[in-house]
Amino acid sequence: MRNKTDRNDARGIAQILRTGWFSPVHMKSREAHGVRALLCTRKALLSKTIDLANEVRGLLKIFGIRLPKTVKHGSFDGVVRPMIEMDEVLAHAMLLLLDGSASSVSALSGTRPTGQTSSQSG
């Protein structure tokens with residue numbers, strides 16, 4: 001078995017460079033990594049928003065309340081909140097889910113949720 005050391009690794013890398021087996025690799029810029037991170041974050045937020053909406057739909061179904069199959073993006077809170085606030089048990093159970101969903105939607109659209117100041121957002 002060959003001895004793996006930094007010296008042997010350096011010799012091997014030098015040999016690869018001399019023989020031309022090495023090809024340069026393009027490295028993405030810091031800006032490209034930033035854009036990728038932003039897109040991944042948006043995708044995760046959108047996924048969580050959909051998960052929260054589906055959770056609210058499932059809980060409402062238990063109480064016999066069915067929502068329309070499609071609710072416009074960003075108007076889910078406006079459709080669901082009045083239904084929930086009519087029943088104290090529903091309000092207690094689901095307002096936090098709606099607040100989380102509204103926060104996610106506002107983050108996706110680039111605005112702050114209602115009632116949140118800049119000092120609260122950081």
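This is a predicted model: local features need pLDDT of at least 70, side-chain atom pairs count only at pLDDT 80 or more; totals for chains, interfaces and linings use all residues.

User: What secondary structure does the chain have, and in what order do its elements run?
Analyst: The chain has five helices and zero strands. From the N terminus on, the order is α-α-α-α-α.

User: Why is threonine 49 called buried?
Analyst: Its relative accessible area is 9%. Buried means under 20%, so threonine 49 qualifies. Buried residues make up 15% of the 122 residues in the chain.

User: Where does threonine 49 lie, and what is it in contact with beyond its neighbours within four places in sequence?
Analyst: Threonine 49 lies in helix H2. Leaving those neighbours aside, its contacts are Ser101, Ser104, Val105 and Leu108.

User: What makes the pair of leucine 45 and threonine 49 a polar contact?
Analyst: The backbone oxygen of leucine 45 is 2.8 Å from a polar side-chain atom of threonine 49.

User: Why is tryptophan 21 called exposed?
Analyst: Exposed means over 50% relative accessible area, and tryptophan 21 has 73%; therefore the term applies. This residue lies in the loop between helix H1 (6-19) and helix H2 (30-62).

User: Which residues form the nonpolar surface patch, and how does tryptophan 21 meet its accessibility criterion?
Analyst: The patch consists of Ile13, Ile16, Leu17, Trp21 and Phe22, with about 600 Å² of accessible area together.

Note on methods
Residues are numbered from 1 along each chain as its sequence is written. Side-chain values use heavy atoms; hydrogens and water are left out. Patches are made of residues with over 30% relative accessible area and no salt bridge: like charges are joined within 9 Å, nonpolar side chains (Val, Leu, Ile, Met, Phe, Trp, Tyr) within 5 Å. Accessible areas come from the Shrake-Rupley method with a 1.4 Å probe; for residues, only the protein chains shown count as cover. A salt bridge is a side-chain nitrogen of Lys or Arg within 4 Å of a carboxyl oxygen of Asp or Glu. Helices (H or I, at least four residues) and strands (E, at least two) are DSSP runs, numbered from the N terminus. Buried means under 20% relative accessible area, exposed over 50%, partly exposed in between (1.4 Å probe, protein chains only). A polar contact is a pair of N or O atoms within 3.5 Å; within protein, one must be able to donate a hydrogen and the other to accept it, and residues adjacent in sequence count only if both atoms are side-chain atoms. Contact means heavy atoms within 4.5 Å.
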